[in-house]
Amino acid sequence: MKITQSYSIKIKGCNDAIKRTIIIYNQAIQYIVPIVQTYWDGIHKLSYAKDKQMYVESLIHSTSSSKAICNFDQKFYKFPSYLRRSAIMEAIGIWSSYMSQVDAWVADDCKGAMPKPDKDYHHMPCLYRKNMFNHIFGDTAQIKVFCNNDWIWRTIRLDHSDRRYIEKKVPLDKWSAPTLEKHHGHYKLRFTRKIEVELSGKEIFDQKVCAVDLGVTTDATCSVLDVHGTVLSRKFINCGREKDSVTNALHRVSVFQRLHGPHDTGRLWNVAKRRNLNLAHLVARRIVDYAIENDCDVIVFEYLDTKGKKRGSKKQKLAMWKHADIQNTVERLAHSYGIRIAHICAWKTSKLAYDGSGEVLRGRDVSDDTPYDMCKFANGKMYNCDLSASYNIGARYIIRELIKALPNITTEVSDIGSGTTRTLSTLWRINATMAI
């Protein structure tokens with residue numbers, strides 16, 4: 001499996017020259033798009049992207065063997081060659097996308113307004129090595145920028161922490177050519193690379209499963225199970241300090257809105273959102289670390305759909321709950337370590353007791369002083385509801401994979417039930433019957 005990794009390094013200084021370079025680059029794209037439009041019939045017939053790029057370049061750039069029909073070289077004097085080719089490909093992509101939209105509009109009997117070409121150009125250039133970017137040594141590098149009406153090399157300083165973090169993984173020269181990006185008023189160099197990873201290919205009989213129950217109160221409840229239904233390890237992940245930081249940021253928004261109204265709260269909301277995203281990334285990192293520590297082959301989540309309007313006293317907590325970011329971050333991290341990701345139906349994972357005793361009573365349904373994360377089984381047993389749910393999540397995944405490997409399970413084991421009624425006790429019953 002191929003995965004793409006990308007990391008950014010903050011640039012210190014040279015902001016004005018970089019800003020001017022980006023403006024010139026987008027002006028070049030704006031100049032090339034009408035040319036692509038005019039000669040689109042000839043460009044469209046070519047099969048390969050390189051042929052299209054060379055065809056357009058012959059129209060705008062003069063060489064010793066050919067004369068350009070457009071005055072691009074005069075308008076953009078000494079424009080770097082690799083940057084010119086990048087602008088050409090951006091322009092071809094813009095017009096190709098527009099023509100695809102028009103074709104789809106025509107195929108739909110011209111319903112609605114006719115699509116319009118994109119005229120807001122905010123593209124960031126790629127700084128190709130040797131032509132636009134050179135890493136000198138340590139925290140210094142050179143980039144070619146438009147400064148003082150000329151294209152010149154400028155030495156820049158790279159953020160030491162960012163650069164060291166990247167080079168711990170792979171030396172900087174092994175990464176792709178960097179792309180400029182703007183982030184909160186300063187510029188960064190975005191480096192990417194593609195790596196080949198081999199995901200775990202063990203049979204279900206040899207797998208160790210890390211089942212994760214994500215929650216609003218407790219960030220994540222993890223348990224490690226094997227095919228026999230044995231719980232090998234359990235862990236509660238709760239980032240209290242980071243959660244308090246998010247709560248404090250939301251409180252400042254609330255106070256400001258109460259005193260001054262809902263206007264001009266964008267900065268405060270951005271702080272709260274960034275802290276909340278940081279909380280999600282931290283939870284994801286701890287989940288993956290726990291799975292690696294226990295040599296797990298699969299991490300199993302519930303499929304959660306929280307779309308729609310939130311209601312009740314906890315609606316802000318539900319709206320700020322970053323379960324999708326946690327799962328996506330876990331997926332990216334886990335795949336880089338060869339760990340697979342799986343999802344199961346979330347219905348009744350918390351409602352059903354893991355021991356098969358039926359539905360549970362939770363929180364205040366038990367008594368007024370019972371916390372929400374505790375539940376009472378039908379046989380009177382008190383247990384952590386999130387922990388019981390994590391057992392059921394792992395069991396449902398294992399049962400699903402066992403049915404794929406041994407289709408006769410459904411006939412030999414009585415009352416195996418559907419996917420939404422299976423619990424850890426169902427897996428125990430399968431093992432007792434099948435002697436897996």
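**Aromatic pairs and ring contacts**

In this predicted model, Phe146 is a buried residue, with 15% relative accessible area. A search across the whole structure returns 18 aromatic pairs. One of them joins Phe146 to Trp151 in an edge-to-face arrangement, with 5.3 Å from centre to centre and 65 degrees between the planes. Trp151 is likewise counted as buried, at 8% relative accessibility.

The pair formed by Tyr354 and Trp428 is edge-to-face because the ring planes stand at 85 degrees, with the centres 6.2 Å apart.

Returning to Phe146 and Trp151, both residues belong to one aromatic cluster, together with Tyr31, Phe72, Phe76 and Phe79. Phe76 from this cluster also has a charged neighbour: Lys75 is placed over the face of the Phe76 ring, at 5.9 Å from the ring centre. A further contact of this kind involves Arg85, whose charged end sits over the ring of Tyr82 at 5.5 Å from the centre of that ring.

Definitions and conventions. Residues numbered from 1 in each chain as written. Predicted model: local features only at pLDDT ≥ 70, side-chain atom pairs only at ≥ 80, totals over all residues. Heavy atoms only, no water. Phe/Tyr/Trp six-rings, centres within 6.5 Å; stacked < 30°, edge-to-face > 60°. Buried < 20%, exposed > 50% of the residue type's maximum accessible area, 1.4 Å probe, protein only. Lys NZ or Arg CZ within 6 Å of the ring centre and 35° of its normal.
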